[in-house]
Amino acid sequence: MQLPLRRRTQLEDRMRTADTYEQWAKAAQAHDDLAGLAQWRKMDQTRLYDHVSIRYRLDRLRALRSRHDDVGLLFTLNEGIHGNMGGMGKAAVHSRSKFGTKHLIENYVEEIADSLNHIANTENNNIDFEDKLDFFQRASQCYGRSALMLSGGGALGFYHIGVVRALLEQDLLPNVISGASAGSLVAAVLGTHTDDEMDQFMDAKHLAFEAKQEASWFNRMFRGARAHIDIHDLQSVINRLIPDMTFEEAYKKTGRQISISIAPAETHQTSRLLNAIASPNVYIRSAVLASCAVPGVYPPVTLQAKNVYGDSQPYLASRKWIDGSISDDLPAKRLSRMYGVNHFIVSQINPVVLPFISRKKKRGGFATAAASIGRSALTEVLDSQRFISQNYLRDMPRLNMVLNSMHSLAKQEYSGDINIVPSFRFYDMRKLLAKLSEDELVGLMREGERAAWPQIETIRTCTRISKVLDTILEEMQNIEVQAVRRVHPLPAIK
């Protein structure tokens, strides 16, 4: 027994210190072999999900495709495509082994993807283009899509860069991305740079250069006995990393649907989620500046937008905005409503909530029920506090704002379906806006990568079908547009 235990410990050390995903995956698979979990993956049976239903449906889809029964295949797909069919999307199913999940689930997801591509490309005369388009539009709407939500976290935001780099390397970055506070800066970089530009940005040498630049910025900011933090310092960082464009212009350039959370500086106002749908003409730089405006550190920000003449002017000029993580760190409900998102990948670095976040979202059990009761009780207390502050502390606006911010922070949901969290759970809050060295920033990026690697195969499986549906729909809509242009060509410009 000593040898397997020692070997297992060695493999866990390799996973913790891996320099690439390939190195991590090799050690994880060896660990599964040693623990008998590789065999577990091969077996359909487990109480964790309805393996009988999934096996039946997988065999049926394979048979229809092998017989070239395209009409039957389309009918079977029309019966429903679900990410959690028979409980196959449960966190427990995906967290048992270090690498991957049941082969049955992975094979089923891949068969759905292959069947969808087959229907999209078939030349069967019994299935015309309009029928295909109708099916894929309905399937996409019903199935939903995934989003990446990047939390606030002050200087720890460099962790998000590592997470994003790991997802980009595996072509797993969702098109829907939100960011609050420090997360808004990373979301904005993604939303304003193409895939080729992001490849250059994520190059190891460039990231080292960025770390050096940011460390130099921290040095200037914290030179002397007391920190001197100026809004112009933050503006210079934002202007260096983010092109001067609106949300609409960024979406047209990259196709990424980025959203940035901001909180109101005044009472009686509500938080906002800025994006190409809700605020297409707002400049992304001003949105990021507002979302990073930590109360007491940076002054509230007035948004800027491009008017019909192409000039910049204040947007909602009478209102000012502050740190987005105060009111909507992870805007899941709004993303669901705007983009049809029903699966959330969270990169969580907010030190206020890290001690309470697990890597996998688990449901059920006494602990969950107790936590729910405790949360309900806390909500009642916070609601009472908010009533008192709004009705009896009107002449104390600063205290009122602090209490309202505490209320908003405590009532938020800080986890998703897949949670990418660092190995550390506690962080010195005084260091959130402290000077960080170049090595510390590089270390945070590496921590983000290593935290993402154990979730890669789960993300690959859980996002596979939605990515295929999005790709097919985009291609079909392009075909439809081209067909319309051939029938109704644009008039020639004289």
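A search of the whole structure, which is a predicted model, finds two aromatic pairs. In one of them the rings of Tyr 21 and Trp 24 have centres 5.9 Å apart and planes at 15 degrees, and because planes under 30 degrees apart count as stacked, this pair is described as stacked.

**The stacked pair and a charge over a ring**

- Tyr 21 and Trp 24 both belong to helix 2, which covers residues 21-35, and they are three residues apart, about one turn of the helix.
- In an α-helix there are 3.6 residues a turn, so residues three or four places apart point the same way.
- Tyr 21 is buried, with a relative accessible area of 7%, and Trp 24 is also buried, its relative accessible area being 4%.
- Elsewhere, the ring of Trp 40 has the charged end of Lys 102 sitting over it, 4.2 Å from the ring centre.

**The nonpolar cores**

- The largest nonpolar core has 75 residues, and those with the most contacts inside it are Trp 24, Leu 167, Ile 242, Phe 247, Ile 284, Val 288 and Ile 420.
- Helix 9, which runs over residues 158-169, gives the most to this core, with seven residues.
- Apart from this core lies another one, of 33 residues, among them Ile 81, Val 93, Tyr 108 and Ile 472.
- When neighbours within four places in sequence are left aside, Ile 242 is in contact with Leu 185, Ala 188, Val 189, Thr 192, Ile 284, Arg 285 and Val 288.
- In soluble globular proteins, nonpolar side chains tend to be buried together.

- Helix 9 has twelve residues and reaches 17 Å from its first C-alpha to its last, which is close to the 16 Å expected at 1.5 Å a residue.
- Ten of the twelve residues of helix 9 are buried, so this helix is largely enclosed by the rest of the structure.
- The buried residues of helix 9 include Phe 158, Tyr 159 and Leu 167, and also His 160 and Arg 165.
- Just after helix 9, Asp 171 takes a positive phi of about 55 degrees.
- Helix 10, made up of residues 182-192, is likewise largely enclosed by the rest of the structure, because eleven of its eleven residues are buried.

**A buried loop residue and an exposed helix residue**

- Thr 246 has its place in the loop between helix 13 (231-241) and helix 14 (247-254), and at 2% relative accessibility Thr 246 counts as buried.
- Leaving aside neighbours within four places in sequence, Thr 246 is in contact with Pro 280, Asn 281, Val 282, Tyr 283, Ile 284 and Lys 306.
- Asp 199 is found in helix 11, residues 195-201, and is exposed, with a relative accessible area of 52%.
- Although Asp 199 and Leu 168 are 31 residues apart in sequence, they are 8.3 Å apart in space, C-alpha to C-alpha.

**Cysteines**

- A disulfide is counted here where two cysteine sulfur atoms are within 2.5 Å, and by this rule the count comes to zero disulfides.
- Cys 292 counts as buried at 11% relative accessibility, and Cys 462 counts as buried at 18%.

How values were computed
Residues numbered from 1 in each chain as written. Predicted model: local features only at pLDDT ≥ 70, side-chain atom pairs only at ≥ 80, totals over all residues. Heavy atoms only, no water. Buried < 20%, exposed > 50% of the residue type's maximum accessible area, 1.4 Å probe, protein only. Helix = DSSP H or I, 4+ residues; strand = E, 2+ residues; numbered from the N terminus. Phe/Tyr/Trp six-rings, centres within 6.5 Å; stacked < 30°, edge-to-face > 60°. Lys NZ or Arg CZ within 6 Å of the ring centre and 35° of its normal. Core = buried A, V, L, I, M, F, W, Y, C linked by side-chain atoms within 4.5 Å. Contact = heavy atoms within 4.5 Å. Expected span 1.5 Å × (residues − 1).
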